[in-house]
Amino acid sequence: MATCASSLRSNKFWNLFTVGQWNSNIKEAVKLGNGNRALLLFRQMKQQGFAPDNLTFPFLAKACAMMSNLPYCEMMHTQVVKSPFWSDKFVQTAIVGMYVKSKRLDYAYNMFAAMPERDIASWNIMLSGFTQFGVCERASNLFQELRLFGIDPDSVTIIALTHLILHTKNLKAMKAIHSIGIQIGLEHDVSVANTWISVYAKCSDLQSAELIFRKIEMHFRTTISWNSIIAAYASFKTSFEAVNLYNLLCYNEFRPDKSTFLSLLSSFVKPETLFQGKLIHSHIIQTGFHSDITITNTLISMYSKCEDIYSARYLFDKMLDRTCVSWNAMIGGYAENGDIAEAFTLFDAMEKDGQRADLVTVISLLSGCGLAGALDLGKQVHDYTILKGLKDNVIVSNALIDMYFKCGSISDALEIFLTSPDKTVVTWTTMVVGFALNGESKQALYYFNQMIELGHKPNHVTFLSVLQACAHAGFLEKGFECFNLMTKEYKITPKLDHYSCMADLLGRKGKIVEALDFIQNMPIKPDAGIWGSLLFACKIHRKIEIGEYVANRLFELDPQVAAPYVEMANMYASLGRWNGVAMIRTIMKAKRVRKSPGKSIVQVDGKAHEFMVEDRCHDEGLLTYHLLDGLLLQLKEERSLLAEALECEFG
């Protein structure tokens, strides 16, 4: 501090002769992000006998906010109170903004409430503070108060209110704000429209987002407008539409920026989108963004999700500077693709490189262990979390519970849950999901009921797990009770997966006609998964006529998938209808439908080994099949001994 002050004494600031000149230099320091320098200038200004004016204090308030230092904020507030400008509404508004940016909403509101005169800027700053920190009820009340005072909201007000929806995802409230915006003539304000596009997408209303984008006239559209709609489609993982919009952006001579490419890359999450991802990668190189580390990290994630782990690793190895995010992207890529051994090898290399693992690293490794069923490796990560003091972190606890359940170690999952100091909705949901996954339907329902009794609000994932548990256990009445609880009590709109569970439950209980009626009356178009589960139910309960109808729906949806043809052929065979079997085989031959051979995946020391039907190509194939033959022989002997024992017992 002393060095900086002495430097100021020896420079040009001793040659400032007006308050305006001091203000100009303080403003420049703030603009450059140097809050300390701005405050030192203020001190020098006072030492030279210059009194600050109503323009000085707003700049100084920004400097204090920049440092988020409450003592500095209080000191500046005191300076304002001592000055002749303590009642100036512009100065007071700046102090409110200072406290908001310093995350002290209580101080900000006290200042705001004490203001004798407030303009729309004052209201907007306070409203933005409440919306930024998710204080939804107070933000809503403040907006109502604004209207009662006869203040006309402007674009900043509407944008602040729109951001409030991000915390609630309440589509009805979003449409109400949209209506207010139209009433006050802001429908064609491009900044407002861009915000609406983003928030409608986050409320899962892509249609409204697209409608707003189309209403923005071409000469008013900005790169942000294009980015907003591309991000909207990307959030729905509709890569084809996102790429089409990118092509239109380029055709209309808009220049893509970093945000454009980050949004596009996030839409490529399946192997079938890999080609599109590579095309965008080539555009990234052409536009010079390939050297941006955030773009490279996102490309690594994109290639990993598209199951091109070799391209992901190539980009990773070519990086000159790797951040923790870079390592996490590559480790997560291996974990997602089932190569948990390589994920751990890279984790070791990360630590040797001096990079400190963070929560994302640990979560990626635990997720990979869960997917691979690698219990021993999962326990090693558990030990690591204890060593690094991460075990009591609620996110880590949830990931550990999830990993242990997926590895089939229910007792370990239960121990983590019982010793966890913080139990969130996600924690309880993970317990419900875990028990359902392991076929413990009654336990899943028990924890679901406990969760509700303790005041936790279940979400759509919780209900999906409960419905799955009911379907597997055949709890028909309980299933419909939970479905009604979800829709009527908690006002959660069912998604396709929820409807699929209910159709599956009806099918398992042999209520095939009711299941078909349920599917046909769904408000969502049924997919192949729902029709497939009903076809399986038809086979089990020998409902051939409905089975034929369902199979035809599946043939229309995806004529090249072999499963429904095989199920239908098996159904005909079980009933001795060999003409039907021959007909299915003829159709498959005509459409060139091929049945993929079955395969098994075995994890050994974190490495996945695939075995196809009649596969003899594995390095340890002879030993493996010799061992399997031995186990089969032992099983037959034990079965024979059991049969003899039963015959003697009940003979």
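**Contacts, helices and core**

A: This is a predicted model. Among contacts in the protein chain between residues at least 6 apart in sequence, 60% join residues at least 24 apart.

Q: What does the secondary structure come to?
A: The protein chain has 36 helices and two strands.

Q: And what does the C-alpha trace span along its principal axes?
A: The span of the trace is about 110 × 60 × 55 Å.

Q: Turning to a helix pair, how do the axes of α26 and α28 cross?
A: Helix α26 (residues 425-437) and helix α28 (residues 460-473) have axes that come within 9 Å and cross at roughly 25°. Because angles under 35 degrees count as roughly parallel, α26 is roughly parallel to α28. The crossing of α26 past α28 is left-handed.

Q: Which residues make that contact?
A: On α26 they are T429, V432, V433 and A436, and on α28 they are V461, T462, S465, V466 and A469.

Q: How do those residues divide into nonpolar, polar and charged?
A: The contact of α26 with α28 has six nonpolar residues, three polar and no charged.

Q: Changing topic, what percentage of the chain is buried?
A: Buried residues account for 43% of the 651 residues in the protein chain.

Q: Which residues touch the most other members of the largest nonpolar core?
A: In that core of 184 residues, M98, M126 and L534 touch the most other members.

Q: What is L534 in contact with, leaving aside neighbours within four places in sequence?
A: With those neighbours set aside, L534 contacts I512, A515, L516, I519 and V550.

Definitions and conventions:
Residues are numbered from 1 along each chain as its sequence is written. This is a predicted model: local features need pLDDT of at least 70, side-chain atom pairs count only at pLDDT 80 or more; totals for chains, interfaces and linings use all residues. Side-chain values use heavy atoms; hydrogens and water are left out. Axes are lines fitted to C-alpha atoms, for helices over the stretch in contact, and angles run from 0 to 180 degrees between N-to-C directions. Helices (H or I, at least four residues) and strands (E, at least two) are DSSP runs, numbered from the N terminus. Angles under 35 degrees count as roughly parallel, over 145 as roughly antiparallel, 65 to 115 as roughly perpendicular and the rest as oblique. A crossing is left-handed if the near helix is turned anticlockwise from the far one by less than a right angle, and right-handed if clockwise. Contact means heavy atoms within 4.5 Å. Ala, Val, Leu, Ile, Met, Phe, Trp, Tyr, Cys and Pro count as nonpolar, Asp, Glu, Lys and Arg as charged, and the others, Gly among them, as polar. A nonpolar core is a set of buried Ala, Val, Leu, Ile, Met, Phe, Trp, Tyr and Cys residues joined through side-chain atoms within 4.5 Å. Buried means under 20% relative accessible area, exposed over 50%, partly exposed in between (1.4 Å probe, protein chains only).
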